[in-house]
Amino acid sequence: MFEEKISELSKSTPASFIRAILKTTENADVISFAGGLPNPISFPKEEIQESTNRVIEQYGSRAFQYSLTAGLRELREYIAKHLKETQGMDVTPDEIIVTTGSQQALDLIGKVLINQGDTVIMEEPAYLGAIQAFSQYRPDIKTITLHSDGMDMEKLEETLKNSNAKFIYTVPNFQNPSGLTYSAKKRETLHKLSRQYNCILVEDDPYGDLKFDGKPYGYISKKEFEGSILLGTFSKTVTPGMRIGYMIIRDPELRFRINTAKEAADLHSNVFSQYILWDYLTHNDVQEHILKIRELYRSQCNAMIAAMESAFPESVTFTRPEGGMFIWATLPKGMIALDLFERAREENVVFVPGNPFYVDGRAAGNMRLNYTNCDEKTITEGINRLGSLIRSYGN
């Protein structure tokens, strides 16, 4: 009835394949490797309950009132202090904007920076939420193939030379969907090229704290982020339901435009959640909590890799992430992941086929497997089912 009234901008926004898949996982019999869901056993429910009560008792109506678009001052001060302590970054609270998850940050970047036809650069494969957020503004997206240690830097420089790209979008730590991490050399080269060609470097780091061993890598631009936009989130380390992320923007004009765009979108992110999160962060040993998550995810990742080594034919290759939430598997030549998905769904196991992670939506022979939302026994059972289907494919 209203089809002719729908805007062209809205029509250009692709629907999320994952959101559609998640509807099928409401069935308790389905083993899901599809969503990028943190494990619910990692949620600090009791501590959040204590913080909720304390916020209501101590701050009362302030926690229920309208607030600043940039976010709760106390939370931004905490983020700045944390980045100073963990990454040596000299960030001020005024350079931070609290967002409704990282997804809103991506939308704001697209809204403020992209005119129709502008060139933006993304990894291939790329985070599908970023593809979705940017595509609605109709840019010319140039993709750079990911190798095991990061983007193809020669192709990146060639693309920068031959285009006036607005920004480069990257997830350098345990990338979604591939699970890959940039090497020190490629981090340095990426930062250098972005400055050389006056191209904004958008660093999205939702998984950085989830490094299985050793100190997290942190942002590529942590020592010099004047020409960067840095994204962070508490969805993977505290709880995704609060939908609290943040942007770090040093350039005052860009920060003003982003803040204004957010003001027009939602006035500010949920301030009650911001108060609760801030109280939780300041009353608990957050690093100890994150260590427990890292140990949990390391065990789950190892269980999935062991199951894949046992159940999958040798013609299937896959990444071995150092952290994060995903493994990227490449199927035997000629096998289409979407076809396998349809067969797997009949066996009550689901994953994300590779096609939505490619800007051109190709019939990809890859699949993204999430290991953080199933116990090890369930992981093994689900991988065994997939292994049987791969071996029987074409029969």
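I looked up Thr170 first: its bridge partner in β7 is Glu203. Strands and helices here are DSSP runs, numbered from the N terminus (E, at least two residues, for strands; H or I, at least four, for helices). I count two strands as paired if DSSP finds at least two bridges between them. β6 and β7 are joined by 4 bridges and run parallel. From β6 the chain passes through helix α8 (residues 184–196) to β7, a right-handed β-α-β crossover. Right-handed means that, with the strands pointing away from the viewer, the path from the first strand over the helix to the second runs clockwise.

A note on provenance: the model is predicted, local features need pLDDT of at least 70, side-chain atom pairs count only at pLDDT 80 or more, and totals for chains, interfaces and linings use all residues. Residues are numbered from 1 along each chain as its sequence is written, and side-chain values use heavy atoms, with hydrogens and water left out.

Next I checked the other neighbour of β6. Strand β3 (residues 119–124) runs parallel to β6, with 3 bridges between them. Val120 has Phe167 as its bridge partner in β6.

Is β6 (residues 167–170) covered on both faces or on one? Both are covered: Phe167 and Tyr169 are buried on one side, Ile168 and Thr170 on the other. Buried means under 20% relative accessible area, exposed over 50%, partly exposed in between (1.4 Å probe, protein chains only).

I moved on to β8 (residues 228–233). 6 of its 6 residues are buried. Ser228, Leu230 and Gly232 point one way, while Ile229, Leu231 and Thr233 point the other. β7 (residues 200–204) runs parallel to β8, joined by 4 bridges. There, Asp204 stands opposite Leu231. On to β9 (residues 244–249): 5 bridges tie it to β8, and the two run antiparallel. Ile229 stands opposite Ile249 in that pair.

Last, the second largest pocket. I noted a volume of about 470 Å³. Of its 27 lining residues, the closest to the centre are His82, Leu83, Thr86, Gln87 and Asp209. A pocket is an open set of points on a 1 Å grid over the protein atoms alone where a 1.4 Å probe fits, with protein on both sides within 12 Å along at least five of seven lines; lining residues have an atom within 4 Å of a point. Which elements each supply at least two lining residues? They are α4 (73–87), β8 and α11 (286–311). α4 gives the largest share, 6 residues.

Key
Grid points are joined across faces, edges and corners, and a volume is the space filled by probe spheres set on the points.
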